[in-house]
Amino acid sequence: MWKNQIKITFRNLQKHRAFTFINIAGLAIGVASCLLILLFVGFEWGFDRWNPNAGRVLRPVAEIKFGGNEFKLAVVGSIVGPDIQQAFPEVQAYCRFRQYGSYLVKRDGDGRQNIREDNALTTDSTFFEVFPVSVLEGDARQCLTAPNSIAISRSRAEKYFGTPQMALGQTLVLDNRERRQVTAVFEDLPPQTHFLADFLLAMTGNEEVKNDSPLWASSNNFQTYFLLRPGTDLKTFESKFIAFSKKKINETAQRMLGADISVLEASGQYVRYHLQPLPSIHLYSDLQVELQPNGSIQHVWIFSAIALFVLLIACINFMNLTTARSAHRAKEIGVRKVLGSPKSALIRQFLSESILLAAFAVVLAVAVSALAMPWFADLTNRPLRMPWGSPALWVSLFAGIGIVGLLAGVYPAFVLSAFDPVRTLKGDSGRQSGNARLRSALVVFQFSTSIALIIATALVYNQLNFIQQKKLGFQKDQVLILDDAYGLGDAVPAYKTEVEKLPAVSAVTVSGFLPVPSNRNDQTFSTVREFREDQSVNMQFWRVDDDYLKTIGLEMAQGRFFDPAQFPSDSSAIILNETAARLFGFGQPLGAKVYSLSGQVSGAPKPEDFIELTVVGVVKDFHFSSLRDNISALSMRLGQSTGLLSIRYQAADTRALLTALEEKWKQMAPGQPFRYRFMDDAFARIYATEQRLGKIAGIFALLSVFVSCLGLFGLATYTAERRTKEIGIRKVLGATTPGIIGLLSKDFLKLVLLSLVFASPLSWYFMHKWLENFAYRIPVQWWIFPLAGLIAVGIAFFTVSFQSIRAALANPVRSLRNE
């Protein structure tokens, strides 16, 4: 019996090839889209969960509002870890990270060129206890206890020494001056880790830790992690931690400000600490000084919703077309019942057809997903792959086949099989109006989703375009950044002089601080020789040279920029941005005095611990962080910071300029890598996540519209076939072709317009929420909504009109000859 039913199923599918193609193609696109997005969502959810200690690892973070600025930091002072372990027996171990940037690395005694390595952390010897990565060579407990020791990943051991075994005991030279002995080789960190580390430098003997303040919140530079003992209640420990941190913060306030923290809080300023569970860092943490750019739980929910809606659109298509087509088989059912076919056989027949169609679609979807995976992995910037060995994948696919097949087949299986054969053979299948209303409602849902995605995509692209076009306060175009300028050593001034001689170069500056991702340093300044909350401002403090202004393209609001040749006193001068001048309350900032600590101070600072700086200029506010944030206070002082060398140029032939720069580099820094980037590209990378969001939303909006139109095309075909005789009669009675096209199209176009009504308020609400993430943003423009509706109506009309024109041009004699 089953063999016969499967044979009949194949015959029916082959007989109605267009219907079969539309059904399978639409469902396959929906399932493939959903599968790809869910693989991405699953990857994001899995961050740091490879760590068996993940449920016992917490990271302390700080929220500070002081001196007119607010900071949410992923870093704390180096003293926090030791203090907490000493105070709480629940803490099994703590581990601190300090990220000093990239290193130039080579084997000791190797005369070849240095290699730039970005993924390096200075860390405690407890690293492998808190993050139990497999150690291939060396002792996990002892490898980072000695000064100048280093542990490296398997990939770097193979890169520099050939094998992990050969790496152990060897020496690496960092930045041409620091020698570190390889004491361990560890397995490469899993890609689902919130930090990258190929080099682990021992923190033992670290000068910054030795000189760091013993006061909480006075210095914040270390990512710190607590490993709690098994069985520790996380909420109870966090309550104890918060109470302990308040006590420590109060000690800092008393010693630094001479007042309790309550006085500070009364003025609206505060210092607060709380704890983050390790698995929540990647999706829920977007703090300053993160080790790597994190993901976003908001984007995960957005992608999950897109996956769900695209799949629903495809499933609705499948069910709509299957149920619509089944009505054509009413007479077939009547004949079968008259010839003695039981109701159970008819149910099995319809369900088998529906499930077989769903199976074909899912198989095709898996093939499409596998082919699209490399492209999708590149789009999402994640190392995604098909989890062929995962039981969850196969269980989900088989469950999907069953669920979709049953949902699509349940109507023809149970409703049509119950028809009265006498009425059916007379041509009265009944219940058409109710079924039509259900199909109309499902079409409205499909196009509402598609229109909402179109609106979201348009707003994302408009916001990104606004970011690109907004006046930033500096000129990012035609600025070349050379990385690792410290590799030039003492030749930095000479290299700068040689570069300035090139005809295409208009200005050169040497500074590690730029208004694109680079060094950052905050420091507190006061208008008196003490830190008082009403006289102090915490702000960015950048070391720059006298060519910085013209190279970066900043503008002065008042006063002048540094000119040490004409003003030797500029060594004790400072330049503020407009925000900093406003926060200090300077009516006339030029000539005003500000004070800052000359170095690290133990205990309450004395007046003689402060240095005096004179404000000689105010630079116009410019965006030196993401447009998600408001412009904060910033100061500049003349000094050396040789991390980066920036070049403003005017060259039609950029390649020739790069060749000249590289030649001079190799002459002055042989063996040092020549690396460059463009400032406008560095700026664009700040918004890489939003750019990916826009691309993904746009692609799946197109797919959802395409799948919806497939369904609309199928329904239009069904409607035209059902009304063939009506159209023939109308034509005989004088109806025109445009009139018939309008007759067949208007009902569908009404549904699309109704979809716009439902989609507009929902998309406005969610996109307004998304735009709130940006301090500088576009308004939600009204014209996007009718434009999205016009696009949807145009696509729908084009889809429906194809069948409408075909039906309108048909010969009425052929449609009426059987009457």
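Analyst: A charge counts as sitting over a ring if NZ of Lys or CZ of Arg is within 6 Å of the ring centre and within 35 degrees of the ring normal. This is a predicted model, in which local features need pLDDT of at least 70 and side-chain atom pairs count only at pLDDT 80 or more, while totals for chains, interfaces and linings use all residues. Residues are numbered from 1 along each chain as its sequence is written, and side-chain values use heavy atoms, with hydrogens and water left out.

User: Over the face of which ring does Arg-98 lie, and over which does Arg-272 lie?

Analyst: Arg-98 lies over the face of Phe-222, at 5.9 Å from the ring centre, and Arg-272 takes up such a position over Tyr-270, at 3.8 Å from the ring centre.

User: How many aromatic pairs does a search of the whole structure find?

Analyst: Rings of Phe, Tyr and Trp (its six-membered ring) pair if their centres lie within 6.5 Å, and planes under 30 degrees apart count as stacked, over 60 as edge-to-face and the rest as tilted. The search of the whole structure gives 39 aromatic pairs. For Trp-542 and Phe-622 the ring centres are 6.2 Å apart and the planes are at 65°, so this pair is edge-to-face.

User: Which parts does the pair of Trp-542 and Phe-622 tie together?

Analyst: Trp-542 lies in strand 17 (residues 536–544), whereas Phe-622 lies in the loop between strand 21 (610–619) and strand 22 (634–638), so the pair ties together parts that are 80 residues apart in sequence. Strands here are DSSP runs (E, at least two residues), numbered from the N terminus.

User: Are Trp-542 and Phe-622 buried or exposed?

Analyst: Both Trp-542 and Phe-622 are buried, that is, under 20% relative accessible area, where exposed is over 50% and partly exposed in between (1.4 Å probe, protein chains only).

User: Which residues do ring pairs link into a cluster?

Analyst: The cluster linked by ring pairs consists of Phe-88, Trp-216, Phe-226, Phe-237, Phe-241, Phe-244 and Tyr-273.

Key:
Helix = DSSP H or I, 4+ residues; strand = E, 2+ residues; numbered from the N terminus.
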